[in-house]
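Trainee: I have a list of labels here, and I would like to know what stands behind each of them. Could we go through them together?

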Amino acid sequence: MASTVEGGDTALLPEFPRGPLDAYRARASFSWKELALFTEGEDMLRFKKTIFSALENDPLFARSPGADLSLEKYRELNFLRCKRIFEYDFLSVEDMFKSPLKVPALIQCLGMYDSSLAAKYLLHSLVFGSAVYSSGSERHLTYIQKIFRMEIFGCFALTELSHGSNTKAIRTTAHYDPATEEFIIHSPDFEAAKFWVGNMGKTATHAVVFAKLCVPGDQCHGLHPFIVQIRDPKTLLPMPGVMVGDIGKKLGQNGLDNGFAMFHKVRVPRQSLLNRMGDVTPEGTYVSPFKDVRQRFGVSLGSLSSGRVSIVSLAILNLKLAVAIALRFSATRRQFGPTEEEEIPVLEYPMQQWRLLPYLAAVYALDHFSKSLFLDLVELQRGLASGDRSARQAELGREIHALASASKPLASWTTQQGIQECREACGGHGYLAMNRLGVLRDDNDPNCTYEGDNNILLQQTSNYLLGLLAHQVQDGACFRSPLKSVDFLDAYPGILDQKFEVSSVADCLDSAVALAAYKWLVCYLLRETYQKLNQEKRSGSSDFEARNNCQVSHGRPLALAFVELTVVQRFHEHVHQPCVPPSLRAVLGRLSALYALWSLSRHTALLYRGGYFSGEQAGEVLESAVLALCSQLKDDAVALVDVIAPPDFVLDSPIGRADGELYKNLWGAVLQESKVLERASWWPEFSVNKPVIGSLKSKL
């Protein structure tokens, strides 16, 4: 394979500038360019390069070190940048259908620059647009064109001031008036105000509003989505009957205008109902192609899943940036050594490896899972668009809902913990705002609660698994799902008889070992949760009480173990496929094993409690295997970061620059931010080293 692929006048994968990171790059066991091409493909790399180059060369996206923008200015600038992204037309509607993975790739590129920009673009084009496309019909296709021309700007209005996760308690209503063939959208009181809606605060002109659909005779048919105009696109003034505004400054992502809206008997045409799952005739009769309410609910979960799948990608991009910054820092920061005269990079210390390298492995595993889950979602939405009303289609919706409901917590929590570890691993320099780790931490934080609180979402996944087991116990049904994520449960009794039999660290350095343990763990937790639930009910607890009493020690770990198993399984299969170049098999195998064993090690107590582990050796082997894999990956760490890190302009962290000139870059950034660079010539140290100042100015 060629080391570079020419694209126009410049190399697609140019060499990095020479510097202190050269030593680690030279020790890598593989070519970072080969891994980039294998992981992304040439077309995707060109796509990302086009985006990054456009941002770097456009004055609208110029970085302003030390500039503290007001909230209003930041949101105005973010909207203008979002508008410019549509003007660049990086991704047409046709390209989305032809190469769907370019959608999350574009979101990640924008998010690496600024997560507020990614969120704004995503909410308009993917969440709002996807809801219109997947929940609407042919009569709504004109909206899709307007979305991508930015003739309208959208938001997704589900949650209310007093209700978020409990969507069944949403109180906004849509009463149908057959005399005028209109729906009347109404907020009964302020607690029913739509709240926390991204893009609604300042810029959205239209909203997909979820409301209880009611027809004459007081017959209500549950939540349905409606397209409602909330502002005039030319003036941005509220439409009659709509009270809309911004909810104010947040802990992070302040370029995104989260807002509220109340509706006072706002009339919209009958055609405003997104009618894929149900419709109302002109006379006021409710009709649905889905006679089975459960099947209709399963299909409707697609619009909720799309937001959660997108958040997985948003979380991972934050972890990519944090890991890139922390590992480049660790490879150049020297502290202590075997002698007083010799200091070694902190990456050489096993403690630093143990703190950071599992998160590097997590980036690779979760990124692959995120892409594969996105493609599963695309399959679901294409089925919806083609009118597929099969039982498989409905079951696919339920399975994706279960996976999305658990993968959002896994990705956002892993990133939350990982960014904090990266911040601390960079010492005091990690606390400096210009190095960006604090911003990443704050911008990732809402991913833990957007589109549903993580702990509550996990109940969706455990309920899905418990329902499958109950069906099997009562009807003898096989465990089968469209994506095969639960098919292993068919061997449920036999798996529970298995024990951990690995006795040496060498035999443990394979993700297959963790896979076997995870399958046992999920079976064990499923059995224990099912038994606990039935025990609670036999003791007189209501179904509501019984399920609540099962969450902390049973349902929650069950859902997390299940999604971790799915991530490990998919990444294991990916790195062991025949098409993996021989030169990449070792490093990818180590990444897969490290993520799997590190994740499994968090469940050590459960593995002992259930009897899969016994004696001291099992736990010691697991711990030693994690440390051994960290040591094996240490020399590859910088090259692995080079594959996932964006250009320096986008990464925007002096201590994480690709040249590895840690102290020069940090010192120069500090001087520029403190406005003393021009006055530094009087200082003796600089007066004899003016080329350094010139170099710093040219870089900054």
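Mentor: Gladly, and let us start with a charge over a ring: the charged end of R25 sits over the ring of F16, 4.3 Å from its centre. Keep in mind that this is a predicted model.

Trainee: What makes K146 and Y143 belong under that heading too?

Mentor: K146 lies over the face of Y143, with 5.9 Å to the ring centre. The cut-off is NZ of Lys or CZ of Arg within 6 Å of the ring centre, along with an angle within 35 degrees of the ring normal. The 5.9 Å of K146 meets the distance part.

Trainee: And what about rings with rings: how many aromatic pairs are there?

Mentor: The count comes to 19 aromatic pairs. One aromatic cluster is formed by F500, W520, Y524, Y608, Y612 and F613. To describe a pair of aromatic rings, one gives the distance of the centres and the angle of the planes.

Trainee: On to the annotations. Which residues does the "binding site" annotation cover?

Mentor: In the unreviewed UniProt entry, that annotation covers T159 and G198. They span 40 residues in sequence, yet no two of their C-alpha atoms are more than 10.8 Å apart, so they gather at one spot.

Trainee: Why is T159 called partly exposed?

Mentor: The relative accessible area of T159 is 27%. Buried needs under 20% and exposed needs over 50%, so a value in between is called partly exposed. T159 is placed in the loop between β3 (154-157) and β4 (173-177).

Trainee: How do you know that the side chain of T159 makes a polar contact with F195?

Mentor: A polar atom of the T159 side chain lies 2.7 Å from the backbone oxygen of F195, and the limit for N or O pairs is within 3.5 Å. Beyond its neighbours within four places in sequence, T159 is in contact with residues including G164, I170, A193, K194 and W196.

Trainee: Is G198, the other annotated residue, buried or exposed?

Mentor: G198 counts as buried, because its relative accessibility is 8% and the cut-off is under 20%. G198 belongs to strand β6, residues 194-198. Leaving out residues up to four places away in sequence, G198 touches L123, C155, L256, D257 and N258.

Trainee: K194 came up among the contacts of T159. What makes K194 buried?

Mentor: K194 has a relative accessible area of 0%, and under 20% is what buried requires. K194 lies in strand β6. The side chains of K194 and E160 are joined by a polar contact of 3.4 Å; the limit is within 3.5 Å. Among the contacts of K194 outside its sequence neighbourhood are A157, V209, F210, G259 and F263.

Trainee: Which residues does the "Acyl-CoA oxidase/dehydrogenase middle" annotation cover?

Mentor: According to the unreviewed UniProt entry, it covers residues 155-264. That span is 0% helix and 45% strand, and its end C-alpha atoms lie 19 Å apart. In the domain assignment, the chain is divided into domain 1 (155-299) and domain 2 (478-644). The centres of domain 1 and domain 2, taken over C-alpha atoms, are separated by 41 Å.

Trainee: Now the helices. Why is R423 called buried?

Mentor: R423 has 16% relative accessibility, and that falls under the 20% cut-off. R423 is in helix α11, residues 391-425. The C-alpha atoms of R423 and A322 are separated by 7.9 Å, although these residues are 101 apart along the chain.

Trainee: What about H554: buried or exposed?

Mentor: H554 is buried at 15%, by the cut-off of under 20%. H554 lies in helix α18 (residues 551-575) and touches E528, T529 and K532, apart from residues up to four places away in sequence.

Trainee: Last one: what makes the phi of E181 worth a note?

Mentor: Phi of E181 is near 55°, a positive value in a residue other than glycine. Most residues other than glycine have a negative phi. E181 lies in the loop between β4 and β5 (182-186). D652, in the loop between α23 (648-651) and α24 (662-673), also has a phi near 55°. At 31% relative accessibility, D652 counts as partly exposed.

Conventions:
Residues are numbered from 1 along each chain as its sequence is written. This is a predicted model: local features need pLDDT of at least 70, side-chain atom pairs count only at pLDDT 80 or more; totals for chains, interfaces and linings use all residues. Side-chain values use heavy atoms; hydrogens and water are left out. UniProt positions are given in the numbering used here, feature names are shortened, and annotations may be inferred rather than shown by experiment. Helices (H or I, at least four residues) and strands (E, at least two) are DSSP runs, numbered from the N terminus. Buried means under 20% relative accessible area, exposed over 50%, partly exposed in between (1.4 Å probe, protein chains only). Contact means heavy atoms within 4.5 Å. A polar contact is a pair of N or O atoms within 3.5 Å; within protein, one must be able to donate a hydrogen and the other to accept it, and residues adjacent in sequence count only if both atoms are side-chain atoms. Domain bounds come from an automatic or database domain assignment. Rings of Phe, Tyr and Trp (its six-membered ring) pair if their centres lie within 6.5 Å; planes under 30 degrees apart count as stacked, over 60 as edge-to-face and the rest as tilted.
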